[in-house]
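Please walk me through this structure in plain terms.

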Amino acid sequence: MKIGVYAGSFDPITKGHYDVIKKSLKITDKLIVAVMNNSNKKNWFSLEERKKMIKLLVGENNDRIEVKSFDGLLINFMKENGADIIIRGLRAVSDYEYELGYAFANHDLSYGEVETVFIPAAREYMYLSSSSVREAAMVGARLDIFVDDKVAEIVKEKVKTIKG
């Protein structure tokens, strides 16, 4: 069984992330969407809120997708979950250059047991990022082109709490 892990902060999950999730299912038997708990990074949404948004999109009872959280090294998380494929979404060429170093490091840290697979984002999501969604939300711009409608509502509610 090929188990893949697609890790990220997903703050919030975008249509680009979801596109990579759907494409990942074509090459894995099971996909773990791993939400990073990085205490050094200031996220808009809590770990549980981010997991909840992902589950809204992939379905609570999807037998091929599991949503989990982790902190520490991705390689350790992979080993704990019996996973052997790291899924990385790519947007621009600069993403490839950045991700390639991590791919080599993860391969070496896993003693060659883990491979990284790069999946390009769909053309319409090439420049989409969670930070651009947050920026758009803060100025009241439309969000439907960036995130699913269910996620858009959650983001709008978060803006209300941030602005007070």
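Lysine 2 counts as partly exposed, because its relative accessibility is 44%, which lies between the 20% limit for buried and the 50% limit for exposed. The model that shows this is a predicted one. The side chain of lysine 2 forms a salt bridge with that of aspartate 84, with 3.5 Å from N to O.

Other salt bridges link residues within one helix. Glutamate 48 is paired with lysine 51, and their closest N and O atoms are 3.5 Å apart. Both belong to helix α2 (residues 47-58), and because they are 3 residues apart, about one helical turn separates them. The two partners differ in how much surface they show. Glutamate 48 is exposed, since its relative accessible area is 53% and the cut-off for exposed is over 50%. Lysine 51, in contrast, has a relative accessibility of 13% and therefore counts as buried, the cut-off here being under 20%.

Helix α6 (residues 149-163) holds another such pair, lysine 160 and glutamate 157, which are 3 residues apart, or about one turn of the helix. Salt bridges with shared partners also join Lys30, Glu66 and Lys68 into one network. Lysine 160 is exposed, because its relative accessible area reaches 53%. Glutamate 157, at 43% relative accessibility, counts as partly exposed. Altogether, the count of salt bridges comes to 12.

Aromatic rings are the next topic. The whole structure contains 5 aromatic pairs. One of them is formed by phenylalanine 70 and phenylalanine 77, whose ring centres are 5.0 Å apart and whose planes make an angle of 35°, so the pair is classed as tilted. Phenylalanine 70 and phenylalanine 77 are both buried.

Leucine 73 lies in the loop between β3 (65-70) and α3. Its relative accessibility is 47%, and so leucine 73 counts as partly exposed. From leucine 73 to valine 20 the C-alpha to C-alpha distance is 22 Å, and the two are 53 residues apart in sequence.

What remains is the empty space. Rolling a probe the size of a water molecule over the atoms shows where such space is left. The largest pocket has a volume of about 1100 Å³. It is lined by 42 residues, of which Ala7, Gly8, Met36, Arg88 and Glu99 are the closest to its centre. Two or more lining residues come from each of β1, α1 (15-24), β4, α4 (93-109) and α5 (130-138). Among these, α4 gives the most, with 8 residues. Sorted by class, the lining of the largest pocket has 18 nonpolar, 15 polar and 9 charged residues.

The second largest pocket holds about 220 Å³ of space. Its lining includes Ile75, Asn76, Met78 and Lys79, and also Asp84, the aspartate that forms a salt bridge with lysine 2. The largest share of this lining, 4 residues, comes from α3. By class, the second largest pocket is lined by 6 nonpolar, 3 polar and 3 charged residues.

Terms used. Residues numbered from 1 in each chain as written. Predicted model: local features only at pLDDT ≥ 70, side-chain atom pairs only at ≥ 80, totals over all residues. Heavy atoms only, no water. Salt bridge = Lys/Arg side-chain N within 4 Å of Asp/Glu carboxyl O. Buried < 20%, exposed > 50% of the residue type's maximum accessible area, 1.4 Å probe, protein only. Phe/Tyr/Trp six-rings, centres within 6.5 Å; stacked < 30°, edge-to-face > 60°. 1 Å grid on protein atoms, 1.4 Å probe; cavity = no way out; pocket = protein on both sides within 12 Å on 5 of 7 lines; lining within 4 Å. Points joined across faces, edges and corners; volume = space filled by probe spheres on them. Nonpolar A, V, L, I, M, F, W, Y, C, P; charged D, E, K, R; others polar.
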